[in-house]
Amino acid sequence: MQVKILVVDDSASDRLIIKSMLSEYYILTACDGVEAMRMLEEHDGINLLMLDLNMPNMNGFQVLEALKEDERFRKLRTIILTNYDELDNEIKGLKLGAVDYIRKPIHMESLKVRIDVHVALLRAEQALEKQLDEKTLTFDLIFNQAPIGIAISHNCGPKHSDESILRINPVFEQITGRTKEELINEGCAKITHPDDLEEDMKNYRKLQSGEIKMYSMDKRYLKPDGSIVWVHMIVAPITISNNHQYNHICLVQDITERKEIEEALNESERSKSVLLSNLPGLAYRCNYDHEWTMQYVSEGCLSLTGYPPESLLYNRDLSYNDIISPEYRETLQNRWEEILANKQPFKYEYEIITATGERKWVLELGQGIYNKQGRVVALEGIILDISDRKAIENTLKYNNEHDRWTGLYNREYLASLLEKDAVLKKNSKKALIGINLSTIQLLTANYGYHYSQNLIKKAAEALSQHCIGNCLLFQPRENRFVFYLSDYKDKNELVDFSNAIAETLESFFETDRIGGGIGILEFGQEQNEVDVELLMRRLMIATEKSVSIFEKDFEICFYDEELEAMVNRERDIVEALNVIAADDYTNEDLFLQYQPIICLRTGTICGFEALARLKTKKLGFVSPVEFISIAEKTKLILPIGERVIVKAFRFLNKLKESGYDKLGVAINISAIQLVKPDFTNRLFELMSEMQIDPKNVHIEITESIFASDFDKINTIIEKLRSAGLQIAIDDFGTGYSSLARQKELKVDCLKIDKYFIDKLLDTDLNKAITSDIISMSHKLGHYTVAEGVECKSQLQYLKEHGCDRIQGYFISKPLDEKDAFEFLKKQEQTK
């Protein structure tokens, strides 16, 4: 049997796709309602009508009304194609034949399944009608071999008497899961699902009264195992002249599988409807043209764009291209062209302009729909409102690129800009001008954090006035600013610009008497890459040098080869210290020299001061002033300091082995070492391991260390003295000189700084205060050691004024370990 299907849709592409997909059937097409009515008149035997409701000339509703009035189309099966919701009751009110409907945009695979179900049922019904009408076939042959269930009775209603069922064919028994005898005993009412019984009875009463000639319905039978079977049932009067007069015939077709498919499709449609209704945007199907002509637009169009969906359909009032922000239109076309050429999914963010003029960010996700020849027939996808996400992203981006307090660009943005400009501005002159306002911390102690930070904020506003043309201002860290200049003329332009900045800052900080430094770093011509860390470090060095070496506020300091050498040397020293810190106490680059200390009362050596020295193959000899400060800045003083202690303890043990067990060794300890929580415990542990007598260990600490935390330092010193160690204040008189607190210091010795010893070379010794320091020390219970004694007159003065001990080049320079033992032997020989 040939099945004829009429497809009525105003979209030529949709008609073509459907016709191609249903090629196994005889397909007729029409572009509107008028052509559809003409096709129905001209072609007999059309079994299935696929009808779009939204069409020009004569719409789908008008077509359905016309079919309702024509008896020939009462049994015509119809599939409605629609964009609208809640049409079921309205379509049912037309009292047509079997009606089904599918939402647009059409999912072609789902449509194919539905078509196949309708065709299968249609063929079953036509086969039954053919068998019943065939006069040449015997009744028994039709009855027993029919592919559908048949029941014949005098009263085929749902509540017939047990004796009313006269004949039941095998297929009926198979469908219901019961034999004829079981069906007669139970009756059709008991095996009909309760929810279907009322409708079945209502239709049957109409049939009995002659109101209708037959009826059909989908209903459920309850099988003995409790399962449900769906059937399509047709009930009609029948008269067969073979000595029996039967009232009605009941035909049933098992449609359980179809119902399951329909349920799955309905659930899919429901899920899609829920998704679309909650979608923060719209779903679409459109032509691939420059206007993005919409074939389907979901209801979310209104909330997203401010335009109702129908205004965009087929460009009725405007096209979707009109909504796209102009600057994105060409890019969007190019992106789609590129994506479709490779048959890839589409993803792109752009802005639209709504009906109220509001700009919204949207994310479009879509794909091309292709025919068998690979040509694009449509585009499908969703367009989501991402304005809130973009706002969050912009806020996060702003916060990530700006200092929250001043609003200036931060270090991260400066780094990214420098890296980008290294490529984009490869041949341009580039420079960084750094401003060091670290001295503003002095105001924090006096006036509070908020006062100083408000000054920084106002300074940022003042400096921002200099940002014109090729100049940007950044705040890479607290109390630091950086100007980034590119494409400037020459170095003179940088100097003039920096002088203008200096004038602004000097005027701004005049009342607060705060100074700072300005450093300039030129870089980057013909470089494809940039080391941001290195640039910032060099700029910092230039600004800090400006602060340290110039008396006038805000002087300019260029980063030059001399500074470059200083940076490289510092790096090499750090590398050397790291090697020493990582070794097992055997590295010879770090070594000690020992300067003898003489007791003036006896004239004999009473001990040595251990002095750390650094000498490497690459650097040669490195001054202690240089490498100790670097070690403290990098915290390498902790492992380096422990190695100094171990080497000094080894020297003490050698002295003891040589019979000099009364001599002590003074070890300089950094403040960083002293305040380390486990310093004292570790020191005691080393002394125990190396069997060191505490009374031979003298710890020297600088006077300035007490400025940080007097009470805490004093507590640590007291713990050391309690263990038997002696404590000396080194360089006394140049640091934290508070006579009121000198008497509170828990120390044994004051070492008079070389500065005061040098003053003894002046002609007027009556003005020297060295004797006063000696006297004060004795009154406080401390003995004194004079450092830097270099001539006999100094020695004579110190003897006359009661100094206890001396050291210096007049006695001996610092000696290597071997020379120190030789010096001891010579001293013994001169006794």
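1. Confidence. The protein chain has an average pLDDT of 86, and 89% of the residues reach a score of at least 70. Where pLDDT is low, the predicted coordinates should not be read in detail.

2. The second largest pocket. This pocket holds about 1000 Å³ of space. Its lining comprises 37 residues, of which Glu609, Leu611, Pro624, Asn668 and Asp730 are the closest to the centre. By class, the lining divides into 15 nonpolar, 12 polar and 10 charged residues.

3. Elements around the pocket. Both strands and helices contribute to the lining of the second largest pocket. The strands that each supply at least two residues are S23 (604-616), S25 (664-668), S26 (697-702) and S27 (726-732). The helices that do so are H23 (624-633), H24 (637-657) and H25 (671-674).

4. The largest nonpolar core. This core contains 79 residues, and Phe649, Leu655 and Leu798 touch the most other members. H24 provides its largest share, with 10 residues. Helix H24 is also among the elements that supply at least two residues to the lining of the second largest pocket.

5. Surroundings of Leu655. Leaving aside residues up to four places away in sequence, Leu655 touches Phe608, Tyr660, Asp661, Leu663, Val665, Phe821 and Leu824. Apart from the core that contains Leu655, there is a second, separate core of 29 residues, including Ile433, Ala459, Leu463 and Ile520.

6. Lys635. Most residues other than glycine have a negative phi, and most peptide bonds are trans. Lys635 is not a glycine, yet its phi is positive, at about 65°. The residue sits in the loop between H23 and H24.

7. Gln691. Here too a residue other than glycine has a positive phi, with a value near 55°. Gln691 is placed in the loop between helix H26 (679-689) and S26. Its relative accessibility of 60% is over the 50% cut-off, so Gln691 counts as exposed.

Definitions and conventions
Residues are numbered from 1 along each chain as its sequence is written. This is a predicted model: local features need pLDDT of at least 70, side-chain atom pairs count only at pLDDT 80 or more; totals for chains, interfaces and linings use all residues. Side-chain values use heavy atoms; hydrogens and water are left out. On a 1 Å grid over the protein atoms alone, a cavity is a set of points where a 1.4 Å probe fits but cannot get out, and a pocket is an open set with protein on both sides within 12 Å along at least five of seven lines; lining residues have an atom within 4 Å of a point. Grid points are joined across faces, edges and corners, and a volume is the space filled by probe spheres set on the points. Helices (H or I, at least four residues) and strands (E, at least two) are DSSP runs, numbered from the N terminus. Ala, Val, Leu, Ile, Met, Phe, Trp, Tyr, Cys and Pro count as nonpolar, Asp, Glu, Lys and Arg as charged, and the others, Gly among them, as polar. pLDDT is the predictor's confidence in each residue, from 0 to 100. A nonpolar core is a set of buried Ala, Val, Leu, Ile, Met, Phe, Trp, Tyr and Cys residues joined through side-chain atoms within 4.5 Å. Buried means under 20% relative accessible area, exposed over 50%, partly exposed in between (1.4 Å probe, protein chains only). Contact means heavy atoms within 4.5 Å.
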